[in-house]
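Subject: Structure handover

Hello,

Here is the structure we talked about passing on. Please open it alongside this note, which goes through what was found.

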Amino acid sequence: MEAILQIITNSTLLVTKFIRDGLADSNEHPPFFDQPLYEAEVPEDEAVGTTLLSVAARDPDEISEVRYSISEGNWGDAFFTDPGTGDVILARRLDYETSKKYNLSVTAFDGRHEASACVVIYVTDVNDNPPVFDRPIYRATVTEEEDQRELPRKILQVSVTDADSDGGRGVVFSLSGEGIDVQSPGDSHFAVDPTSGEIFVRKPLDRDSPEGRPVWALTVFAQDEGGKGLVGYSEVTVTVKDINDSPPVFKQAVYRCNVTENGERGIFVAQMEAEDRDDPSEGANARITYSITKNAIDEATGRLVFGIDETSGQITTSICCLDREKTPQYSLQVVAMDGGGLNGTATADVLVLDTNDSPPRFTKAFWRAEAEESEEPFIANRTILNVTVLDDDEANDFHFEIPEAYKVAADVFTIEAIGDGIGAIRLAKPLDFEDPSQRSGFEFQIVVSDVGEVTAEARTASSWVEIRIKDVNDNAPVFKEDTVEVSISEKMIVGSAISTFVATDVDNEGRGKISYTVDSQSDKLRQFSVSNDGTVKLQRPLDRETVPRHLILIKASDDGIPQKTSTASLIVNVLDENDNAPRFSRKYFPILPENQPSRKIIEVSAVDDDDTTRGNGPPFHFALDSSSSAAEIWSLFSVEHNTTGDNGQGTAVVSSLGSFDREMLKEYHLPIVIVDSGHPPMTGTSTLVITIGDENDNPMNPGEKRVLVYTHKSISQETQIGRVYVNDPDDWDLVDKTFNWSGKPHPNFILDEDSGMITMVAATRRGEYFLEFLVHDHKHSQYNVKASVTVSVSYIPERVVQQAASLRIADTTDDNFIQTWYYLVNDSVPSKADLFRREISEMLNTDADNVHIFSLKLSQSRPPVTDIRFTVFDGYYFEAGLLSALLMEQKNVIETKIGISIIMIGISECLDENVPCDGSCTSKLVISDEPYLVDANRTSVVSVNVNVIPECACQANDFSIANVKKQTACSPNPCKNPGKCIREKDGTHCACSKGPPGPRCQMLTRTFEGSGYSWFPSLATCDKNHVSVEFVTVHKHGLIFYNDALALSWERGRFTSDFILLEIENGQLRLLTDYGSGTIQLKVNGTENLADGRWHRVDLFLDTRSVSMEVDHCMTAVVQEPHKQLKGMFDTSSCRAESQVPLTADT
C-alpha cells in the first residue's frame, strides 16, 4: 500500500517522497540507458587515466545496484569503465595511425537484469611522427673544379613521407655538414630547396688536400609543420671526381744529407720523396717519376757524381772516392713529375763527411808565456798557455803530451785538449820563483796527435814551449820572534821604547820594504805605537789597575801587490806602582735617627786597587779630614781609627757627638782621610754620607701641589702622578697619615688612602684638572687638613720627542731640578726648571709657557746626573739644532743663573772614544710606553720616558730617493719643510707640493749674502765618512761649513769637542780638523782661484787613520801614459791633499 506525503511550506511544494510500508520491493525491473549511443573524441596523445565520458543507466527498483563494464570492441584493452559510476577511462596511449575509431559496447547489470549501450570513441590525429626519407643515404658524384658559370647545379632530389594525417605536407628541408656555412649561408658549397628537396652544388669543389676533400659528408633534414614540427634526417655523400690539377710536392724544400768520403760507387746518399694530391686511381694523375736536373760532374772522368732511381727517388753515388778536402759539399736539384706533366722541385745538399786522412800541425813553432808564481792555497789546473793546431780533416781527436824526455816540465805542467784544435798547458804543481830550480823558467817540447793518443803509427806534430816565472808577492813577512813578553812599570814615560820587532821578506829577493803597525783591535785605547823600524813605544800612560796585562798584535806588511801581512804578539805585563789612593771598600748609606743622643753610627773599611803583594795597600789609617771647610763637622761627629779592624787592615769607627734635627739638615757629608802603607804612601779622601732619619715631630699645614703630565700618545694605562702634598717638614711620616677625597672622587683619578699616591686612569684627555683632598695625621691628632692638586695633561707629538733638544747636567737630581719649596727657609723659590724655561724663552723672545720640559730622568744617582729633553712651541716647534746652538752659545750664562753644571749638550752615548763601539756608533732614541715620575713635594712631573741606546753602526743621512724608498713606515716622518709622507708597496716617498724639491723635501741649495748662516744636524759618528759639498762664490774668503758634536762631552775630567772646518782662503780651499790629538791642516797646492763664480765640488774622506780632500773630481790631475822605459804617472798634487791622523788621536 502506498501513501503519498506532500510537505508544503509557505504554499511551496519542496519535496515529494514515496513512503513505503507493508511489503518490501523486489528486483523486477531491468536497468535502462538514457540514450542508445554515446560518442567522444580523444587526441591520440591524451594522458592515460583521463575520463573520456560517462554513461549512466537507471533502474526503477530502488534496491538494485547497477554495475558497469565494457563487453565488446575494447581492442588492446585501450579503455576501462568505473564499475560504480559508468565513467569510461583511457587505459593506455592511443595511436591514430593504428586505430582511428573504437566501437565499444557498455553493459549495465543490476544483479538480475542487464542492458547495453553503444559508445563510439573517435581518435584524433596529433603530430607525433617525424618525416621519413625514402632512402637512409643519398649519393652523388661531382667533378672537381667545375666552371662557376654553370653553378648552381642540381645533384640530388630527396623526398619524405609522414605517417601523420597531413601525409607529409608542410615539410621544410635544410642541410648541415661539410661545406655548409651556417653563419653565412651564401658562402656554402651546397644548398637545398626548402620546399622541393632539390640539392644543389653552389661552388666549384676541390678534391685535393689541404683545402679540398675527395668526399663531402652532409646531413639533410626534413621538419614538418612548416619547419616547426618534428624532424627527420638522412645522410648525403658527395664524391668529387679527380682531374690532374695538383703537381707533385716534395716533403722538404731542402734535403740535407751526407756521404762519407773515399766510399765506393753506389753508396746511398738520400731518399727523395714527393707527394701528389691527385687521385692515384685516376689514370697517371698521381704517378711520379724522379730525375736530377742539376748534377755535379767529376772533373777527372766527366761523369755525373750522383744518380737517382726514377721510381723510388733514392740518390746514390755514381762514382767512387769522393774527396772532402777537395769538394766538401754538393747541391743537387731534383725534379718529381706526374703522368700529366706537372712537376715539383727540391734541393739535396750533400755534405761529404770527413775521414781522418790528414796530419795535424801547430800554428807556431815556438810558444812563449810568462806565469806568476803560485800563491797559497795552491789551485791546481790553472791555465798558463793555450796552444793551437790545424788539421785539414774535420773529424779529429786531438791529444797533447809532454814527452818523457822533459820530465821536469811534465812534473809541473800538464797539457790537454780543451776545444777543437786548442790545447791548454796547466799547472799540476805550484810555481815558486824563490825555488832556484824554477827561477830560470822552463823550456820543453809538446806533441799532438789527431787520433786520441800518441803512438808510432799516429800522425803527429811537435812544437817548443818556453815558460818564464814572474815573481809575485806570495810570501808574507816573517818575524824573527813571533811572541815577545816584557814587564814594564805603569809609570813608564810616554814615548819610551818597549821592544823592537824584526821581520824579513823573501819576495823581491829580500829587497822589499816592510812597514809595521799596531792592530787597533788589540789596542783599543791607542796606548802603543810602532815605528818604521819595528820599535814599539808607549803612546799613552798605562794603568795596571785598569789593564794589568796587554796582548798587543804587531803587524808587519810588505810593499808588494797584493800586500802581505804577518802578525806577532807583544805581551806587556804592567808592574804596579803605588799610584792609587785607598777608598771605602763599599758604598755606605748609614742612617742616624733624629733626636737621639750620641752613639756609634757605623764602622767603615777600605780597599786599594794597587798590588797588595808589593806592599801597596793595607794596613790603612783613618782620620777625619782636618782641612775640611765645614768646621762644624768636627763638633758633630768623631772618627776613631781601629787598628785591629778588618783583620788588622784597619777600620774607622764613626760616631755622633749629639742629637740632630732632620728638619735642619737631612744629610751630612764626612770627609774621611785614608792613608795606605805603600812606598811612598798614598792618601785618599772618601766621603761618608750620613742621612738623618725622620721622626714625625712637626704638625702639618694645608698644602698645594702642581702636577705636569706629558705624553706622546693617548694614555693607555694607569699612571702614578705623585703624592698629595701638605706643608709638613717631616717626610718619613706616611705611616701616621691617611688621605681622603674632599667630596666626591674624580672619575679620572684614583687615590691610595695609605700612601697618598694619586693615579691617573687610562684614556684621560688633555687639559687641566683640580683635585681636593683631606689629610689626617693621627700622631698629632690633626684631621681634615686640606690639600689641593692641579694636574695639567699636555701632548707632545712623537716626532717632536724624536727631534727635541737635550742636555745632561751633573750634581743635580731630577727632583732637585723641579723643587720649589725649601724647609730651611720655609719658603718657596723658583725651581731650576722654572729658571731654565725663563732663560730659554728670553733667548728666543717668547713666553716661558712655550718652553716644555717634557722629559726629565735621573741617569746616574751618585754623583747625580740628570738628562733633560725640551722643546719650544710658538706656533711651530723650534728645530733642535737651533736650541742646541743657543745652549752652546749661552752655556756659561745658563749655568751661572740657574746653578747647574752642563756636561753634555745633545745627549749621545757615542762621544767617548771606543765606548761602547770600536768604530761607527749611532745613538738610538727609544721611547718607552711607561711614563717616568719625578715627585718633589709641591711639584711633580710625569715625563715621557726616553732612553738613548748606542748602536755600533753608521747611520749617516742619505737623502737619495732610493734610501727614502727603503723606509717602510712614515713614523717618524722622514719628510722635511713640511713634506707629506706617502706609503707605497715598495716603501715610502715624500710629496713636496709646496716645499723644496729634494727627495725628502729638503732644500738643495742655500744662498748667503755675507752675514747669514744655517744650522744643520751634526755629522754621524762613523769610522768612515765621505762628505761632499758643491759651492759657487766670488768672495775669496769665507766659511763653507763647520761641524762639531754640538754636544759637549765631559770625558776623563775634560771637555772634548772634535771638529771639522772647511773654508775658502785667498780663493783656495783650507780644511782644519781635530780628532782630539791636534789640528790637521790640508791645503790643495796649485788649484786655480775657486772664487770664480762657477760651481765647484769638494770631497772630504775621513777615517780613523787619515784625512783627504779632493777638488772637482781631480779633473786637473796630470796624467802621463807609460811609454817604452817610462812608467805611467797620475799626479794629483794640484787637486788632492792627504794627511795621516796623529798617533795620539782619539780615533
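Is Asn937 buried, exposed or partly exposed? Asn937 is partly exposed, with a relative accessible area of 31%. For these words, buried means under 20% relative accessible area, exposed means over 50%, and partly exposed is in between (1.4 Å probe, protein chains only). More on Asn937 below.

Some ground rules. The model is predicted, so local features need pLDDT of at least 70 and side-chain atom pairs count only at pLDDT 80 or more, while totals for chains, interfaces and linings use all residues. Residues are numbered from 1 along each chain as its sequence is written, and side-chain values use heavy atoms, with hydrogens and water left out.

**The chain overall**

The chain holds 11 helices and 85 strands. Both are DSSP runs, numbered from the N terminus: helices are H or I with at least four residues, strands are E with at least two.

The radius of gyration is 60 Å, whereas a compact globule of 1147 residues would have one near 32 Å. That radius is taken over C-alpha atoms, and the globule rule is 2.2 Å times the number of residues to the power 0.38. The C-alpha trace spans about 160 × 145 × 70 Å along its principal axes.

Of the 1147 residues, 43% are buried. Take the contacts between residues at least 6 apart in sequence: 65% of them join residues at least 24 apart. A contact means heavy atoms within 4.5 Å.

**Disulfides**

A disulfide is a covalent bond between the sulfur atoms of two cysteines. The rule used here is a pair of cysteine sulfur atoms within 2.5 Å. The count comes to 3 disulfides.

*Cys975 and Cys990.* The S to S distance is 2.1 Å. The torsion about the S-S bond is about -85°, so this disulfide is left-handed. Cys975 sits in the loop between helix H11 (961-966) and strand E72 (980-984), and Cys990 in strand E73 (residues 987-991), so the pair ties together parts that are 15 residues apart in sequence. Cys975 and Cys990 are buried.

*Cys992 and Cys1001.* The sulfur atoms are 1.8 Å apart. This link is left-handed, with -80° about the S-S bond. Cys992 is partly exposed at 23% relative accessible area, whereas Cys1001 is buried at 0%.

*Cys1114 and Cys1135.* Here the sulfur atoms are 2.0 Å apart. The link is right-handed, with 90° about the S-S bond. The pair links distant parts of the chain, 21 residues apart. Cys1114 lies in the loop between strand E82 (1106-1111) and strand E83 (1118-1120). Cys1135 lies in the loop between strand E84 (1129-1131) and strand E85 (1136-1140). Cys1114 is buried, with a relative accessible area of 10%. Cys1135 is buried too, at 0%.

Two other cysteines to look up are Cys320 and Cys321. Cys320 is partly exposed at 38% relative accessible area, and Cys321 is partly exposed at 45%.

**Backbone points**

Which residues does a cis peptide bond join, with omega about 0°? They are Leu151 and Pro152. Pro152 lies in the loop between strand E13 (137-143) and strand E14 (153-157). The peptide bond from His679 to Pro680 is also cis, with omega near -10°. Pro680 is in the loop between strand E53 (667-675) and strand E54 (683-693).

Now for positive phi in residues other than glycine. Asp77 has phi near 50°. Asp77 is in the loop between strand E7 (67-72) and strand E8 (79-81), and counts as exposed at 57% relative accessibility. Back to Asn937: its phi is near 60°. Asn937 lies in the loop between strand E69 (932-936) and strand E70 (939-943).

Best wishes
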